[in-house]
Amino acid sequence: MKRRVALELFNTLSGKIEPLYASDGHALRFYCCGPTVYDYGHIGNFRTFLHVDLLRRTARLHGLALHHVMNVTDVDDKIIRNALAAGKPIGEYSAKYERAFFEDMDALGVEQPEQIAHATENIDGMVALIERLAAQDIAYKTEDGSWYFRIARFPGYGKLSKKDLDGIEDGARVDVDEYEKDAARDFALWKATKPGETSWQTPLGPGRPGWHIECSAMAMKYLGDSFDLHAGGEDLMFPHHENEIAQSEAATHKPFARHWFHVRFLLVEGKKMSKSEGNFFTLRDLLLKGYRASAIRFLLLSVPYRHQLNFTFDGLTESTNAVDRLRTFNDRIRTGNWLDTAPADDTLTNLIRKGDADFTAALANDLNTAEARAAIFDVLRAVNTAADHSRLSRSAAEETLALLNKFDSIFAVLEDRDADLTRTALAWAESEGRLADVSPDVLEKFGSASLTDADIDALVAERTLAKKQRNFARADALRNELLEKGILLEDSKEGVRWKRQ
Ligand code: AMP
Ligand code: ZN
């Protein structure tokens, strides 16, 4: 019998585990703070986006439709600073990193949100929101022409992060986008133009938006004043999300997001992985060292989102082996010739069904991926043993495959795109002059990345011609040259076929 389980998640705002539901009875409307596209993302960033992907996929398993909005912060202090240093307009500077971000998301199997919203394309909405706050005297203008939010005017300030805000200084201000950990301050809604900086001419005066207003304006534009869930990494809880709530609720007098989902940090040797600590790995770094995208996905997902995950290379190797075992198992069950006449084994069938129920229940229980993963490996061991002893019936094999499909609709690691993704990373390293970062193993195995299909066809044609001219030494040299670059040639009656190793 199937247990029907509701999907429950921890809500930072209430401090409790609560059922997740779509308040319109149809689609889960949710917003996730997206990347600031000033550089390549590191795998800590991707831990957050992977768990949001997990949430999407699990909600879908529970029959919810999805309306997921993610912003791209394409104007902020860091982008302006780096673009100035590179002598480029901010749009040109950030486009490269935005493209890289979505390539990395795809490589990690992260689904695209239904809606991507760019800060620079939504300035009007931000200005309108600030004007609403100004009309209530909650937003105020300073002498330099910037606008600030007066937090003393929002009594609920601190309700998300549970900060004790006694003794906050009325009117003390902060104007940088960088995270401010401890102090509650009036924060910038609109920053007056400084020489050389990108700015917009608006009724507020010339300037650019602060970071927090962007998410409030875009979330409410696409999802309405009140919506189901808001997500981000744990560092965003304060001040970013606290400020989003303040700006939105002060303007609308309605609750902003009902449920708040925060992913704990990825650590390296006990410290948070971050650009400022300098202890970070990008996805590309790891692919060029020979680690597989699927193993990185599986590792980052295997520890539940409310636990910190300490990144180690041993962990990544373990994850590679786990993905291999799952793929080998999937191939075995899919291609094996399981006999209809094999004795029905109720114990095994019950075990597979229990694995299925445990898998679903673990995910429904605040996305407990560690237990969900364990449930699948229990089934893998039992079914492998049955297959080893010729006790696996076709019906049990089919139930196992259905469970593997369900598992993969969430974890998405069974399809093998790894070699192609590494090849793409290698081509990128080549184009960026970063071949020094490539491990010798990867160069040896994937050295053909620099050869396009047309290059290979040309070398193959040259070899065919050499053979015709009975210049066998040249033909062999060409075959070896291709082999060194990972290209295998097969001579057949129809001509020469080649494939990448
Ligand atoms: P950013 O591009 O810096 O705005 O960050 C994008 C997302 O990654 C945000 O949701 C951050 O909270 C999250 N993030 C940053 N560092 C880490 C980390 N070490 N572990 C998990 N999430 C992180
Ligand atoms: Zn945000």
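Because the model is predicted, local features need pLDDT of at least 70 and side-chain atom pairs count only at pLDDT 80 or more, whereas totals for chains, interfaces and linings use all residues. Residues are numbered from 1 along each chain as its sequence is written, chains are lettered from A and ligands numbered from 1 in the order in which they are written, and side-chain values use heavy atoms, with hydrogens and water left out.

The domain assignment of the protein gives domain 1 (8–263), domain 2 (277–411) and domain 3 (451–500), the bounds being taken from an automatic or database domain assignment. The centres of domain 1 and domain 3, taken over C-alpha atoms, are separated by 55 Å.

An open sheet is formed by 5 strands in the order 5-4-3-11-12, with parallel pairing; helices (H or I, at least four residues) and strands (E, at least two) are DSSP runs numbered from the N terminus, and two strands pair if DSSP finds at least two bridges between them. Strand 5 (115–118) and strand 12 (257–263) are the edge strands, each pairing on one side only, and neighbouring strands of the sheet are turned by 20° against each other on average, direction ignored. Strand 3 (residues 27–32) and strand 11 run parallel and are joined by 3 bridges, and F30 stands opposite L229 in strand 11. Helix 3 (residues 90–107) packs on the sheet, where it touches strand 4 (65–72) and strand 5, and its direction makes about 145° with that of strand 4. Helix 6 (residues 237–252) lies across strand 11 and strand 12 and runs at about 155° to strand 11; axes are lines fitted to C-alpha atoms, for helices over the stretch in contact, and angles run from 0 to 180 degrees between N-to-C directions.

Within strand 11 (residues 227–233) lies D228, which is buried at a relative accessible area of 0%, where buried means under 20%, exposed over 50% and partly exposed in between (1.4 Å probe, protein chains only). The side chain of D228 reaches the backbone nitrogen of R29 at 2.9 Å. Leaving aside neighbours within four places in sequence, D228 is in contact (heavy atoms within 4.5 Å) with residues including Y21, S23, L28, R258 and H259.

In soluble globular proteins, nonpolar side chains tend to be buried together. Beyond its neighbours within four places in sequence, F149 is in contact with, among them, L133, I138, F154, F187 and A250.

A6, found in the segment before strand 1 (8–11), counts as exposed at 51% relative accessibility and, not counting residues up to four places away in sequence, touches H62 and A364.

Key:
Polar contact = N/O pair within 3.5 Å; in protein donor to acceptor, adjacent residues only side chain to side chain.
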